[in-house]
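The sequence and the structure are shown first.

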Amino acid sequence: MKKIWMRVLVLAVLFGCTQVAMAQLPTIPQISSINIDALSDAQFQAYVQQAQLSGLSESELEAKAKERGLSASQIMQIKARMASLNGGNSMGDKKSNNATYESRKPINTRNEFKREEKGGLKIFGSEFFTNANLTFEPNMRIATPSNYVLGVDDELSIDIFGFSEKTAKYKINTEGQIRIPNIGPVFLSGLTIEEAKTKLKSVMAKTYPGLNSGKTFLQISLGQIRSIRVTLIGEVSQPGTYEMSSLSTLANALYASGGPSDNGSFRKIDLIRNGKRIVTFDLYDFLLNGDLTKNILLKDDDIIKVHPYAVRLSLTGAVKRAAIYESEPGENLGTVIEKYASGFADSANRNKITIQRFGELGKSILNVDFKNINTFSLKSSDSIVVGAIPKRFENRVVVAGAVFYPNSYSSIAYPTLGELLKAAQVKENAFNNRALLFRTNESKDTTVTAINLNNSNDLSLVLRNDDSLHIYSKKSLKEPSYVIITGEVNTPDSFAYAAGLRLEDLILLAGGLKDRASLKEVEVLRRIRKDPTLSDTSVYNTILKFNLQDSLTFNNSQAAIELEPYDVINVKNLPRNQAAGYVTINGEVLFPGTYLLNTKKDRISDIFTRAGGILSTGSLSSGYFLRNTYQAALKGEVLEIKKALAKQLSNDTLTQKFLDSTLSKEKVLMSVNLQKALENPGSNDDIILEEGDMITIPKTPVSVQAFGGVNIQKKVNFYPGLRTRKLIKESGGFAENANRGGTYILYPDGKIRTANNYVFFRTYPKLVPGAELYVPIKKNKRGLSTAEIMGISSSIIGLGAIIIGILNTTK
């Protein structure tokens, strides 16, 4: 309420309704010419403070304002300005019964016909009022219509030019007049623009004689237009009184009200003025023909009445625009289909029109032939369904497979199988001995008939509708043939087999031979494919061996051997042309780096010799040795199956590929005594190297360290006489959760020594520089809770009572 009174006070100040307020405000020479938007917020706030002495109601203030020349649009401007200063609620806590066009937003009203009906149908024309992309706001930027009737609050712009020059704006007051200086009041209310121009020219000619002589010209136009109020009644979604622009039309008012209600007519909308019906508006004229001749301009106090619909029906099926339509009484079915639904769809079966109609006791079905649609009368609530032609063919035959033009064909144009095959053109690789013809019999079951394309009787077979012929190619009926080449070729792989493929051709397809390939013994594993016996055998392949030339020119007869499908060729390697692999030695040696093994029996001592020996800063006892070990990337039966397959291949290259894809390499620490290996070359400690081995010689360590269950984990400089117990003491002693009996020492060479426990004594291993002492930590043991102790106690007491009872019974 406070916001409302604040707006009332502002109106009182702006309109000068009280002498108290006027005494304290600046003088306003012409209140009707106030530019509301030109006032600053500070001026508005000052007016609010000065208006607190006013006590008139809002309606009284508004009436006073109109008396002083303010138009309804200026009053609305003031209210809107105050709304922006007070949180945007122009009406405070009280809602108005009026609605302006600007406040109208496309809404989904409660009209059930504007919602999707069952079956997905909408009432034809409902999108006119619910589509947000449609707008019927009056265009305020057009030239003033010559038939526009002037009224109170219209602002008229008068422009005199030529021999005399003058431009002015005048507001039509409540008496219907404008007051022109030096001329006086001129009554214009109720005149059209053209009539007003004629009258003003006559009146102003006394002051501007050039208007009669043609040396001076007069032009008038609308400036700020007035607002009008129209009332919508009847079957309207939102009936009531609406304040709109004086340029609004009947369609604008319908749009602002949300359109007809669920029972409202789209075709019978009356405009009533001064108690008389001016026009009956039919929205279908606009929707179907674009005719808006009856969409006339509204006037103040006009009444729009929407009548209930008379005939409403639904039209679905094979028509171009299915919807719910409102027809006029007496219209026939043909008019509804052609005029409203834009005619039949291309797939319509015009002789299959079904109508559901309400009778006295229930629904009935009516069937209408196409020839009778122009004489068939409709009733309200009729449900019309136009049937569609079935999606089936009358003369289709299909050919597919080994033909150049697989497609659907007409059985009329190609009545026999032979003529159909001439049109489709059978491929050269077609299997002509047996094609399959799929046919549907009278009971709609599918049957299969074998066709011999070489048989003239079969080719003369007469085709039927929906026959389907499939011709197979010879290639599709065979297992894909291939050959495999492995071993010492650049790209070992499998290749598609082709007749005439020879061994030398396959070597070329594999990218040629590797440098270490041996041509003196090339194996070809050939599948035994034509065994006349049916007995079981343990031999599945024949192994052929060939001795080829040691060059890439294969001119001898053995290299020109013709291969057969599924042959597996294995090019072996030269025994002496193999790389032994690489090993690495790092750290404190003279020449650290990666070395290629010279022989298959290179040992640790050999690689140290080649590396120049150990530097004085190196610690051989702290050195460690790493070797590649395969770790399984697969688990369980899958891994075992792959291992077995690799063994069956009996091929080093494929086996290595299997290991690389199935297993992952990981370097692990090996327990090797490097010092003994160098002191005794060729001994068991001096092991034979393998590819990937890595030896690291660190600098001589000078400290030891304790880890795990000690109070302080720290490094301690090693000195002669340092014992394990002393290191534990310098590390703060054992922690409370230390597992003293599990103490062990990890030596620099990777060896581990554990503590020895005797009856009352425990001895610890000897410390050396670089050693690491580990004290394991005991696992936390949770103590018994109070509830658990009480439970165990009660169980023991109960058990004791049972034992005592048993003893008493045995006495």
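## Basis and confidence

This is a predicted model, in which local features need pLDDT of at least 70 and side-chain atom pairs count only at pLDDT 80 or more, while totals for chains, interfaces and linings use all residues. Residues are numbered from 1 along each chain as its sequence is written, and side-chain values use heavy atoms, with hydrogens and water left out.

The mean pLDDT (the predictor's confidence in each residue, from 0 to 100) is 77 for the protein, and 71% of its residues reach 70 or more. Over residues 48–56 pLDDT stays under 50, and the model gives this stretch 22 contacts (heavy atoms within 4.5 Å) beyond four places in sequence. Residues 645–651 also have pLDDT under 50 throughout, with six contacts beyond four places in sequence.

## Salt bridges

A search of the whole structure finds 14 salt bridges (a side-chain nitrogen of Lys or Arg within 4 Å of a carboxyl oxygen of Asp or Glu). One of them joins the side chains of E243 and R229, at 3.9 Å from N to O. This pair links distant parts of the chain, since E243 belongs to strand β8 (residues 240–245) and R229 to strand β7 (residues 227–234), 14 residues apart; helices (H or I, at least four residues) and strands (E, at least two) are DSSP runs, numbered from the N terminus. E243 is buried, with a relative accessible area of 11%, whereas R229 is partly exposed at 38%; here buried means under 20% relative accessible area, exposed over 50%, and partly exposed in between, with a 1.4 Å probe and protein chains only.

A salt bridge also forms between E328 and R267, whose closest N and O atoms are 3.5 Å apart. E328 sits in the loop between β13 (323–327) and α11 (333–340) and R267 in strand β9 (residues 264–273), so this pair ties together parts that are 61 residues apart in sequence. R267 is buried, with a relative accessible area of 9%, while E328 is partly exposed, with 37%. R267, D282 and E328 are linked in a network of salt bridges. In a further pair, the side chains of R357 and D382 meet at 2.7 Å, N to O. Because R357 lies in strand β14 (residues 348–358) and D382 in the loop between β15 (363–368) and β16 (383–388), the pair ties together parts 25 residues apart in sequence. Both partners are buried, R357 with a relative accessible area of 13% and D382 with 1%.

Strand β12 (residues 311–317) runs antiparallel to β13 and is joined to it by five bridges, where two strands pair if DSSP finds at least two bridges between them. The two strands form a hairpin with five residues between them, and R312 has E326 as its bridge partner in β13.

## A mixed five-stranded sheet

Elsewhere, five strands form an open sheet with mixed pairing, in the order β18-β17-β21-β19-β20. Its edge strands are β18 (407–410) and β20 (446–451), each of which pairs on one side only. Within this sheet, β19 (residues 435–440) and β21 (residues 467–471) run antiparallel and are joined by three bridges, with H470 in β21 as the bridge partner of L436.

Not counting residues up to four places away in sequence, L250 touches I269, L271, V279, F281, N295, I296, L298 and I304.
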